[in-house]
Amino acid sequence: AAGLAAISYAFGAVVMFQYCNIIFLVGAAWVPLGILATDRMLRDGSWRWAVGLGSVLSMQMLGGNPEAAYVTGGLAAFYIALLDVQFGICFAGALGLRLLIKLMWRFIGNEFSATKEDYLLAVIASVLVVATPASLWWMRLKGLRPAPDDQRRLQRRRLACLAIAALVAVGVSAVQWIPTWEFTRISLRAAGGIHHEPYAFWVGPWRICEMLWPNVSGHQFPINTRWLDIFPTRDRTWVPSLYFGALALVLAVSAWGVRRVPSWQRWISITLVLSLWAATGPAGGVSWYVNMAHQMRMSIAHGFPG
């Protein structure tokens, strides 16, 4: 099973095609070891694996792919949230507060015209911020049985290990991120000359079938024969295919579970669902399909099919 997973991951279309973009290939190469180090670090509270995770994060940043390090570190924090309920509540509240401050700052600065999604995100963030102290107060009011001493020590060791991993990653990769941070302040992006959408290369849900059939959407090169391009979906292709093997997909689905399973299996299963949802970008929201249907009706009504 481990050998099949390694082959499917390394030679899958998404990873293998990154030979055209080496920095993302470097980041992807370190992800499996980062997940292993995270599991060993949090399961046993091992500081050695914490140093290992920090080394993996630093290698991803030194390779030029801080996004992979950001995601790998975020998965470690998410794993702790699943293992420790109180930390999970505080973690969700912190994310909600960060999102709320960001939206409020953008509203005050009038940097954009608010949409329905922005108001919905503001409501969700407000609920998370309010629910955090309420949940902690409810747990204390109910007098929930505290964890045994050894369990509490393990929880503290987990948080310490996460801090160690962060310190190692930040310290080792400082030679990379400090000058990068310095020069970004005088770059075109900082001056407002270049703007990149957060989901510039999102994956349309209709492309999921490529996991089983590599060229079901057509070939992208040497001659572009992708028949999906005739639809005004506005998605941009990052990789020509999502194929990684039917057998690997069947085995992954059969191993999926969130109840009565080990903590690592629950962590990976939830991560899979969240990753697929996040990768769909704007197509992950219902309003996007409503807007696209409205645009299609308007195009047909004005005599511009497609």
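User: What pattern does the chain follow, read along the sequence?
Analyst: Before anything else, this is a predicted model. Read along the sequence, the pattern is α-α-α-α-α-α-α-α-α-α-α-α-α. In secondary structure terms, that comes to 13 helices and zero strands.

User: OK. And how much of the chain is buried?
Analyst: Buried residues are 28% of the 306 in the chain. The accessible surface is about 20000 Å², and 70% of that belongs to carbon and sulfur atoms.

User: What share of the contacts comes from residues 24 or more positions apart?
Analyst: Counting contacts with a separation of 6 or more, 66% are between residues 24 or more positions apart.

User: Let's get into the packing. How do H3 and H4 sit against each other?
Analyst: Helix H3 covers residues 22-44 and helix H4 covers residues 47-62; their axes are 9 Å apart, at an angle of about 165°. Angles over 145 degrees count as roughly antiparallel, so H3 and H4 are roughly antiparallel to each other. The crossing of H3 past H4 is left-handed.

User: Which residues meet there?
Analyst: On the H3 side they include Trp30, Leu33, Gly34 and Arg40, and on the H4 side they include Trp49, Gly52, Leu53 and Met59. By class, the residues of that contact split into twelve nonpolar, five polar and one charged.

User: Switching to H5 and H12: at what angle do they cross?
Analyst: H5 (residues 66-83) and H12 (residues 263-279) cross at roughly 125°, and their axes come within 10 Å. That makes H5 oblique to H12. H5 passes H12 in a right-handed crossing.

User: And who's touching whom in that pair?
Analyst: From H5 you have Leu75, Phe78, Tyr79, Leu82 and Leu83, and they meet Ser263, Trp264, Trp267, Ile270, Thr271 and Leu274 in H12. This contact of H5 with H12 has nine nonpolar residues, two polar ones and no charged ones.

User: One last thing, Val170. Where does that residue lie?
Analyst: Val170 is in helix H8, which spans residues 149-172.

User: Why does Val170 count as partly exposed?
Analyst: Because its relative accessibility is 44%, and partly exposed is the range between buried, under 20%, and exposed, over 50%.

User: How far is the C-alpha of Val170 from that of Ser58?
Analyst: The two C-alpha atoms are separated by 7.0 Å, although Val170 and Ser58 are 112 residues apart along the chain.

Technical notes. Residues numbered from 1 in each chain as written. Predicted model: local features only at pLDDT ≥ 70, side-chain atom pairs only at ≥ 80, totals over all residues. Heavy atoms only, no water. Axes fitted to C-alpha atoms, helices over the stretch in contact; angles between N-to-C directions. Helix = DSSP H or I, 4+ residues; strand = E, 2+ residues; numbered from the N terminus. Parallel < 35°, antiparallel > 145°, perpendicular 65-115°, else oblique. Left-handed = near helix turned anticlockwise from the far one by under 90°. Contact = heavy atoms within 4.5 Å. Nonpolar A, V, L, I, M, F, W, Y, C, P; charged D, E, K, R; others polar. Buried < 20%, exposed > 50% of the residue type's maximum accessible area, 1.4 Å probe, protein only. Areas by Shrake-Rupley, 256 points an atom, 1.4 Å probe, with all protein chains shown as cover.
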